[in-house]
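Here is a short tour for anyone who likes to see where the side chains go. Have the viewer open and follow along.

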Amino acid sequence: MNFYAIIPARGGSKGVPKKNIKLLGNFPLIAYSIAAAKMCPQIQKVIVSTDSEEIAEIALKFGAEVPFLRPADISQDNSSDLEFMQHTIHWFLKNDVKLPDSWVHFRPTTPLREVNILSNAIKLFLENNDFTSLRSAHECPESPYKWFLKDNLNKYFIPLAGNNINNYSVAPRQQVPKVYIPDGYIDIVINDIIMKNNSLHGDKILAFESPVCTEIDTINDFEYLEYQIQKYKYSVHDYLVNKY
């Protein structure tokens, strides 16, 4: 099975303008995902899907391929991952370009990945070939099983998990089921599932527990990761420093 990385990076970003190319540790944010993909031994190509010529130029500089510009109508705030993946596959087919067996989906807003963890996720996927996709998620530090809703009159609390026999809202932490938060560390999706089922992940998602990772949505997230890069060593940042 061969793998291509796919990195979606649209130009419009309201929370942080030009977020995908804003500098982090002296490099554009998207460069970190490109570098992680290029460092991963199982990935043969790195494709960036963008609607922005500026992002495309930067992605090419850092070693990605940008074979097309994504249409504006699937590059909106409410556009789905399924839409850009279907567009990518259709473009490859229309232009008679060889498709990979599977795509490794990297979101640029999760920049600090470790290559050995990515490689382990791909190995796990290869060892479990009856699954329709792989998704990464990290353990929630506080289980929502202990949370409350409010009633319709906004007067009293209702346990989110319901008043079941376990009564999780007052149970010790060790007795509450673990819950996992999907993140952008790594996803793996399959062409056939996307095209035949009109679904990005299908109905049998292989679980990959990733380390807790900071995803960039705000300026504060940028500032926090700037601090992390200065304090700790990250192989993906070292790769960029040494190569560029």
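## Exposed loop residues

A residue counts as exposed when its relative accessible area is over 50%, and as buried when that area is under 20%. Please keep in mind that this is a predicted model. Asn-26 has a relative accessible area of 67%, so it is exposed. You will find Asn-26 in the loop that runs between strand 2 (23-24) and strand 3 (27-28). Its phi is near 75 degrees, a positive value in a residue other than glycine.

The phi of Asp-96 is positive, about 55 degrees, although the residue is not a glycine.

## A buried threonine

Now turn to Thr-50, in the loop between strand 4 (43-49) and helix 2 (53-61). Thr-50 has a relative accessible area of 0%, so it is buried. Its side chain reaches the backbone oxygen of Ala-9 at 2.5 Å. Leaving aside neighbours within four places in sequence, Thr-50 is in contact with residues including Arg-10, Ile-55, Val-66, Phe-68 and Arg-70.

In soluble globular proteins, nonpolar side chains tend to be buried together. The largest nonpolar core here has 53 residues, and the members that touch the most others are Ile-30, Ile-34, Phe-106 and Ile-186. Helix 1 (residues 29-39) gives the largest share of this core, eight residues. Apart from it lies another core of 14 residues, with Ile-47, Leu-82, Met-85 and Ile-89 among them.

Why is helix 1 described as largely enclosed by the rest of the structure? Nine of its 11 residues are buried, so the helix is largely enclosed. Among those buried residues are Leu-29, Tyr-32, Ser-33 and Ile-34. Ile-30, also buried, touches Ile-7, Ala-9, Asn-20, Ile-21, Val-48, Ile-55, Ile-58 and Pro-108, not counting residues up to four places away in sequence.

## The largest pocket

Helix 3 (81-94) and strand 9 (180-190) are the elements that give two or more residues to the lining, and strand 9 provides the largest share, three residues.

Notes:
Residues are numbered from 1 along each chain as its sequence is written. This is a predicted model: local features need pLDDT of at least 70, side-chain atom pairs count only at pLDDT 80 or more; totals for chains, interfaces and linings use all residues. Side-chain values use heavy atoms; hydrogens and water are left out. A nonpolar core is a set of buried Ala, Val, Leu, Ile, Met, Phe, Trp, Tyr and Cys residues joined through side-chain atoms within 4.5 Å. Buried means under 20% relative accessible area, exposed over 50%, partly exposed in between (1.4 Å probe, protein chains only). Helices (H or I, at least four residues) and strands (E, at least two) are DSSP runs, numbered from the N terminus. Contact means heavy atoms within 4.5 Å. A polar contact is a pair of N or O atoms within 3.5 Å; within protein, one must be able to donate a hydrogen and the other to accept it, and residues adjacent in sequence count only if both atoms are side-chain atoms.
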